[in-house]
Amino acid sequence: MGTVGVGEGTWPSMRTTLKDLGVCEADFIRACDATFKQGARFNRWVDGSESDFYYHPLMLPAYFAPLNSLIHWLGCDLNTEDLSYSTASCYQEAACEAGLAPKAITTPQYQGVLNYAYHLDTHKFSEFIKKHCIETLNVVHKVSDVTGVRTEEDGAISSLILQDNTELPGDFYIDCSGFSGVLIDKHFHIPFADRSEVLFCDRALAVQCPYDQAGAIASHTVSTATGSGWIWDIGLQSRRGVGHVYSSRYCSDSDAEQVLRRHLGEKSRDLPIKSIRYTPGHRERFWVKNCVAVGLSAGFVEPLEASSILLVELSAYWIAEKLPLRRSELWRCEKQFNDIFQYRWNSIIEFLKLHYCLSSRKDTPFWRDNTSASSIPASLIDKLERWKEKSPSVLDFLSRADVFPLESYCFVMYGMNFKTSTHDPGKNRLEKIQAKIDQYRKETDKVLAFLPQNRTLLNAINEHGLQRI
Amino acid sequence: MTTMPSVEILEEHSHRQLRVDFSEARKAYFHRRLVPVVISEFSTLMFHYPIVLVKDGQTGKFSCSVLLGISEESTLLSRGRVDDGALPLSIQRLPLVAVESSPESDPVIGLDIDSPGVGKGEPIFGENATALNDAMAALGEIYRGREETEDYIQNVLAMDLVSKLQAEVTYKDGRKVTMEGLYSVDINRVARIDDDNKRSQFMKISRYLYAQNFSLYNMTRIAELAG
Ligand SMILES: Cc1cc2nc3c(=O)[nH]c(=O)nc-3n(C[C@H](O)[C@H](O)[C@H](O)COP(=O)(O)OP(=O)(O)OC[C@H]3O[C@@H](n4cnc5c(N)ncnc54)[C@H](O)[C@@H]3O)c2cc1C
């Protein structure tokens, strides 16, 4: 049985994960066809026009003034160049537009001049991690299909029955069997919370696309909205990974394929396309007795903000940190884990919906329905109502389980022209903000001049590696 | 040191008439901020300069250098703070350069004819024999020392003894300059070495490590350049 074989965008947390596993960053980059990711460029999400785009960079915005004042400045006459929220407050957008890497060859491994994550080849990555776990971390790897489960009196799993009829006993089980959910679904029958009323996309067509020539590699994910979904475009070292995520309610498979082929151009005509169907949503519970579902077995929603591998990392960290010494204590974990990850799934779904519900696109039923209040979670409606009156604040993000911070919300909201009522901080203050922004843009030029092109750096890393310090 | 357009292979026959002022040639490096060194010279250099590790801008690889100043305008050498007896080999060998024709064969001796010392002073193959021999000896020591210096760097990295140098200099006018991109060895970390292999590795290079560590006292001399 193969892996799902898609999933190429990650979060900056991947740097910590790899470092903690004892992986050398240059080995990972070489083995996984990996590149740097500094955020996402959202094309045609706001009004659908050709020139419509905004950025969700990975770097935190610079602080010039309280958010209210900055937003007021963005809308006032002093903003003569009509700078957007992200252009004014974060130079990562300029770095991405110029195809620059987030660091230099002299920057130590896992450190960045700018914050970054990776794009990677998921097949190569799973092989790489497998090898590292077996050879370096001494993990015992047994390959076989799980065909059944033996249980104890209380319903906990006592052993797995394998294809060759042998049994594999254990104390604790992690169901990472992907969409088949061998333990969480087939054995425990934990109901699935279908969230397609909020997030309409339920299919994906994925294709691997060769580069025309060894030119620039984008150091951001490009997400281009279509009539009934969106297309991801991710640049690896040797190829691009492109895919159309769409809603089968609004678009036929053949139309979706046509949209994807048109996006790729004539050269894609003969490239094979992989098709994936899924129901957006997650298990109602993830942890049952001595078993926890991690990865696609726990759930899946569209990869708009690359949250799936992130949830795997968060789950793995949680389990490693909290697994109790005594089996009798597992029930405490069960409750805590389920509460926290329930919250996390909700907050991810809410944040993804934000990208849709703020759009002013009305060109297709998909976009019209996406802005209808009945499809928007009440918690999100409530926040947006609040933030119309007063800009969002860190005090709206007090839970440590929040997946997307205030800054991410701001990049998307103000990138999508969300209107917040502001009070005028006065000419004096506005001019001070102006001066700070001017100064920041001068610094931007210095930082950008220091950074190499993305491909130049990747080539240098392949050849020379990266220093540990 | 690779062949450059202005380098000629040194030959007694064709360069019989050539005059070279060696001390003038050496001055060409007096305004460099960093000069590469090999470990065999640590024991002399440690009394005069900070011996640091720096990264190559193209490859990120570490190499050993002495730090001569905060900027190129003002260095220990341009300000006459070090006497000639304590010049690094990379300066002593000037204006000679090693010319590598192929990776298999040994390099031959070349001469940088653009050097400010060339065309002045005494004939290179006459009165100047001692100076020429000294420069050739320096060149030879650099060449022989390259590999062991490379090994030394690999060892200190493998033993996790390299640390970033936090160096901030305050000028008279209050201006502060942080010197970026400098690394050195952190001798305090030696106590953390707990495996026998690493301990014996450490014993082999310890005298260079201590020399490099000692050399950091000369950071005060660098700071004085700001005064
Ligand atoms: C279209 C699409 C795009 C995506 N893009 C991103 C992205 O950009 N960023 C991101 O973070 N994530 C993304 N993901 C999610 C990402 O692919 C997954 O998070 C990641 O691959 C981990 O999946 P998994 O290990 O849970 O499942 P899989 O990769 O499907 O692995 C499941 C494993 O279980 C094994 N298995 C199944 N049944 C049995 C059995 N009975 N016995 C034994 N073994 C069994 C299989 O052989 C397989 O090895 C995307 C997913 C899809 C569908």
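This is a predicted model: local features need pLDDT of at least 70, side-chain atom pairs count only at pLDDT 80 or more; totals for chains, interfaces and linings use all residues.
Local features need pLDDT of at least 70 and side-chain atom pairs count only at pLDDT 80 or more, while totals for chains, interfaces and linings use all residues. Residues are numbered from 1 along each chain as its sequence is written, chains are lettered from A in the order in which they are written, and side-chain values use heavy atoms, with hydrogens and water left out.

The interface comes first. The size of an interface is often given as the accessible area lost when the parts come together. Chain B and chain A bury about 910 Å² between them, and 53% of this is on carbon and sulfur atoms; buried area is the accessible area (1.4 Å probe) that two parts lose on being put together, summed over both. On the side of chain B, the residues that lose the most area to chain A are Lys55(B), Thr59(B) and Lys61(B), together 43% of what that side buries. In terms of contacts (heavy atoms within 4.5 Å), 14 residues of chain B meet 10 residues of chain A.

The count of salt bridges between chain B and chain A is zero, a salt bridge being a side-chain nitrogen of Lys or Arg within 4 Å of a carboxyl oxygen of Asp or Glu. Five residue pairs, both at pLDDT 80 or more, are in polar contact across the interface. A polar contact is a pair of N or O atoms within 3.5 Å; within protein, one must be able to donate a hydrogen and the other to accept it, and residues adjacent in sequence count only if both atoms are side-chain atoms. Helix 4 (129-158) and strand 9 (162-164) of chain B each supply at least two residues of the side that touches chain A. Strand 9 gives the most to that side of chain B, with three residues. Helices (H or I, at least four residues) and strands (E, at least two) are DSSP runs, numbered from the N terminus.

Over all chains, the whole structure has 32 salt bridges. One of them joins the side chains of Arg239(A) and Glu8(A), at 3.2 Å from N to O. Arg239(A) lies in strand 13 (residues 239-246) of chain A and Glu8(A) in the segment before helix 1 (13-20), so this pair ties together parts that are 231 residues apart in sequence. Both Arg239(A) and Glu8(A) are buried; buried means under 20% relative accessible area, exposed over 50%, and partly exposed in between (1.4 Å probe, protein chains only).

A salt bridge also links Arg441(A) and Glu81(A), with the closest N and O atoms 2.9 Å apart. Because Arg441(A) lies in helix 13 (residues 427-450) of chain A and Glu81(A) in the loop between helix 3 (67-74) and helix 4 (85-89), the pair ties together parts that are 360 residues apart in sequence. Arg441(A) is partly exposed at a relative accessible area of 28%, whereas Glu81(A) is exposed at 56%.

The salt bridge between Glu266(A) and Arg269(A) has its closest N and O atoms 2.9 Å apart. Glu266(A) counts as exposed at 58% relative accessibility, and Arg269(A) is exposed at 55%. Elsewhere, salt bridges that share partners join Glu8(A), Asp121(A) and Arg239(A) into one network.

In chain B, Ser90(B) sits in helix 3 (residues 89-92). Ser90(B) is buried, because its relative accessible area is 7%. A polar atom of the Ser90(B) side chain lies 3.0 Å from the backbone oxygen of Pro36(B). Leaving aside neighbours within four places in sequence, Ser90(B) is in contact with Tyr29(B), Val35(B), Pro36(B) and Ile142(B). The loop between helix 3 and strand 6 (96-99) of chain B holds Pro95(B). The peptide bond from Leu94(B) to Pro95(B) is cis, with omega near 5°.

Two residues of chain A complete the backbone details. Asp82(A), in the loop between helix 3 and helix 4 of chain A, has a positive phi near 55° and is a residue other than glycine. Asp82(A) counts as exposed at 64% relative accessibility. Asn138(A), also not a glycine, has a positive phi of about 55°. Asn138(A) is placed in the loop between helix 6 (122-135) and strand 5 (146-151) of chain A, and is exposed at 62%.
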